[in-house]
Amino acid sequence: MNNIQIIGPFRQIITLEGLPMKGVINDEEILIKENSYVVIEGDQITDVLSSLPKNTNEFTFHEISGDHILIPGLIDCHTHMVWGGNRAKDYSMRMAGKTYQEILATGGGIFDSVNKTQKANKSDLKESLTARVKCQLKDGITTMEVKSGYGLEPNHEVKLLEVVKEVSNEMTVDLVPTCLATHVSPKGWDKKEFVETVLKELLPQLKENGLSNRVDIFVEDNAFPIDLADYYLGKAKELGFDITVHADQFTTGGSELAVKHGALSADHLEASTDKEIEMLAASDVVAVALPGASIGLGMHFTPARKLLDAGASVAISTDWNPGSAPMGDLLVQASILGIYEKLSSAELLAGMTFRAAKALGLSDRGRLSAGYLADMIAFPVADYREIFYNQGRIKPNMVWKKGALL
Ligand code: NIG
Ligand code: FE
């Protein structure tokens, strides 16, 4: 028995081949392979064909009937999917007019989730993370980043990152773990002392146990001010960690640090001005828009159109978390961002695939061409534009992870 599979015909295969990593993309640039078949060997794509080869005994053929289109598996490059409890009361207060920053300042918000998560036992956290990962897979997300950040103190952060590793090992999915111990400083700690503790006691442990090689920090005066974040990122980099930053969500400063330290991505950017946009566009840092957080906080979107026009690479992610972004539906959120920010379908697709892969430092996924992982999703529609036209409501009905149909 060989391990070559041929799957098709698909009305359209949207390979995303040849589309640029940075800047504007028009829909006309998308190469559409009509009535085509994808060839997979093991976990990789080897070809896209316009007709079925004759030597049918040399491969396994999976026939697709009816209207279906095929695109790369989606990549959610920014989530906080491991948490305990919920923040429904915060959300109700926010709807009634209290701000996220006011709730945080009175010791609620992120601190409330930290309390609940620190108290949760490992098996409950595993169970809830597994349920969320299943949800994401159903939505067509085959690679997802997961941040810690509701543990804060080293022992609690280790517990969360162990949960991520165990769930990743048990499921057919890739979870990319990121240490966000520096989400806020735990109550009763001096911020500088806390940062030193993370650097000395937590990061070496994470490296040694293969729990994460990425760090994130929430740069904001009520979380970590610019100077301290600058110090932390420099030291984390020296320790060999990749960097991503919660940047310019309410005030600017974070994106400048992201550029200075050569971060893989700068995420949020709702408050970015032309200065930050230019800086990001001139760099290799991926700008990550998080429409779920804008929707969850009732605030304006990341200036995705301006970022793209300036020449930046823009990814789109859910930011799925119990506070600012409790929805966690990437397709719905990307569709909403698209219509408000005036993005093309091509820019939305790129932002959830190969550009999101770059934000995670991955170059083996996000397009459907030879040598890429066979992470693919099919939608029961005849044209790719129907995905966003349906505002994310139509979900994929087939999901393949590394060549395996889930
Ligand atoms: O990306 N702003 C900082 N962190 C998260 C929210 C965390 C929370 O509210 O629990 C975010 O929006
Ligand atoms: Fe976030």
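**Close-up views of a predicted model**

**View 1. Polar contacts of ligand 1.** An oxygen atom of ligand 1 lies 2.8 Å from a polar side-chain atom of arginine 87. A polar contact here is a pair of N or O atoms within 3.5 Å; within protein, one must be able to donate a hydrogen and the other to accept it, and residues adjacent in sequence count only if both atoms are side-chain atoms. The model is predicted: local features need pLDDT of at least 70, side-chain atom pairs count only at pLDDT 80 or more, and totals for chains, interfaces and linings use all residues. Side-chain values use heavy atoms, without hydrogens and water, residues are numbered from 1 along each chain as its sequence is written, and chains are lettered from A and ligands numbered from 1 in the order in which they are written. The side chain of histidine 183 has an N or O atom 2.9 Å from a nitrogen atom of ligand 1. A polar side-chain atom of aspartate 319 is 2.8 Å from an oxygen atom of ligand 1. Taken alone, ligand 1 exposes 330 Å², and the protein buries 100% of that (accessible areas by the Shrake-Rupley method with a 1.4 Å probe).

**View 2. The shell around ligand 1.** Ligand 1 is surrounded by 15 residues, of which Arg87, Tyr100, Tyr150, Gln249 and Ser324 are the closest (a residue counts if one of its heavy atoms lies within 4 Å).

**View 3. The iron ion, ligand 2.** His78 (NE2), His80 (NE2), His246 (NE2) and Asp319 (OD) are the protein donors, 2.1 to 2.2 Å from the iron ion (donors are N, O and S atoms within 2.8 Å of the metal, or 3.2 Å for Na, K and Ca; water is not among the atoms, so sites may look incomplete). Along the chain these donors follow the spacing H-x1-H-x165-H-x72-D. Histidine 78 lies in the loop between strand S6 (74–76) and helix H1 (88–95) and histidine 246 in strand S10 (residues 242–247), so the two tie together parts 168 residues apart in sequence. Helices (H or I, at least four residues) and strands (E, at least two) are DSSP runs, numbered from the N terminus.

**View 4. Backbone details in two strands.** Proline 9 belongs to strand S1 (residues 4–14), and the peptide bond from glycine 8 to proline 9 is cis, with omega near 0°. Asparagine 35, in strand S2 (residues 32–41), has a positive phi of about 45° although it is not a glycine.
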